[in-house]
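Work through the exercises below with the coordinates open. Each task is followed by its solution.

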Amino acid sequence: MKKFLIILCSVFLLTGCSEKNIESSISETVPESTTASHTEEVTTEVTTETTTEETTESNVYEKQTYHEILENIYYDCKFPDWDYKNYNKDVSIDFAVYDIDSDDRDELLVTFDNRAVYVYDHNTDGNLVKQFSGYIRSDFYENGAVRVYSAHNQTHSFEVHPFEMYKYNNETDSYDKCGGVYGIDKDIVDMINKEKEEVGRTDFLEYPSKYDTSDSGTVYYIRSDDETEIPLDLTEYNEYCEQFTENTDIIDIPFMKLTEENIKNVNV
């Protein structure tokens with residue numbers, strides 16, 4: 001199975017994480033964020049999409065430095081590609097200037113209001129690009145892998161919070177989406193079935209025990225582009241994750257608060 005998994009991961013570009021609806025009240029809800037896996041160059045063309053709080057735009061940043069970008073965010077909450085219209089100084093914004101992808105060039109990382117993390121870089125022409133964005137619960141690994149947790153957990157699992165995996169592509173200087181994971185717990189399935197039985201329902205869930213060869217009580221599902229789902233037991237799941245992280249550590253990113261004093265110390 002390990003040989004099959006390695007071959008499978010080299011062939012498929014896995015995407016997405018599945019959020020199954022739970023029929024009980026088991027749900028963790030947190031603010032949503034969008035995730036982008038490709039590098040986007042910031043241009044002067046303006047396309048506006050208005051929500052209740054934010055306006056998405058392509059602002060004119062071009063060759064501006066990280067220092068200038070941070071000033072725009074601090075004073076006007078004007079990000080390179082969107083504005084936050086209801087901005088006030090109570091919004092939590094942190095930043096770091098750090099070589100997150102080990103390309104010998106510092107990137108600008110910005111976290112916004114416990115919602116999202118953005119990674120900005122400059123291309124070979126010196127123009128600003130958004131290299132990556134994802135939900136704020138994102139782990140960056142030393143080998144260039146990124147684990148991005150879903151904003152919501154509405155799956156049949158407490159053991160596994162749904163997440164997506166990305167990997168830094170040195171040739172394109174961007175991140176490729178590599179897989180999505182969610183899980184099913186036997187305990188959750190049993191609890192839901194008990195609740196159904198108590199109200200006279202017979203549409204019981206079935207725990208996929210034949211795939212739980214490690215007898216861990218959880219089956220892990222990998223989901224691909226074509227909606228194919230691959231069930232793994234605990235041992236196979238750990239092997240799957242190790243292929244992306246290569247047993248490297250999560251980077252402790254030196255984030256700091258977005259303040260005038262901290263911005264003054266940014267020289268790039």
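Buried means under 20% relative accessible area, exposed over 50%, and partly exposed in between (1.4 Å probe, protein chains only). Helices (H or I, at least four residues) and strands (E, at least two) are DSSP runs, numbered from the N terminus. The model is predicted: local features need pLDDT of at least 70 and side-chain atom pairs count only at pLDDT 80 or more, while totals for chains, interfaces and linings use all residues. Residues are numbered from 1 along each chain as its sequence is written, and side-chain values use heavy atoms, with hydrogens and water left out.

**Exercise 1.** Describe helix α4 and list its buried residues.

Solution. Step 1: α4 has 12 residues and spans 16 Å from first to last C-alpha, close to the expected 16 Å (1.5 Å times one less than the number of residues). Step 2: Glu 236, Tyr 237, Glu 239, Tyr 240, Cys 241, Phe 244 and Thr 245 are buried in α4. Step 3: Glu 246 follows the helix, with a positive phi near 55°.

**Exercise 2.** Classify the ring pair Phe 79 and Trp 82, then the pair Tyr 220 and Tyr 237.

Solution. Step 1: rings of Phe, Tyr and Trp (its six-membered ring) pair if their centres lie within 6.5 Å; planes under 30 degrees apart count as stacked, over 60 as edge-to-face and the rest as tilted. Step 2: this rule gives 15 aromatic pairs. Step 3: Phe 79 and Trp 82 are stacked, at 4.4 Å centre to centre and 10° between the planes; both are buried. Step 4: Tyr 220 and Tyr 237 have centres 4.0 Å apart and planes at 10°, so this pair is stacked. Step 5: Tyr 220 lies in strand β15 (residues 218-223) and Tyr 237 in helix α4 (residues 234-245), so the pair ties together parts 17 residues apart in sequence.
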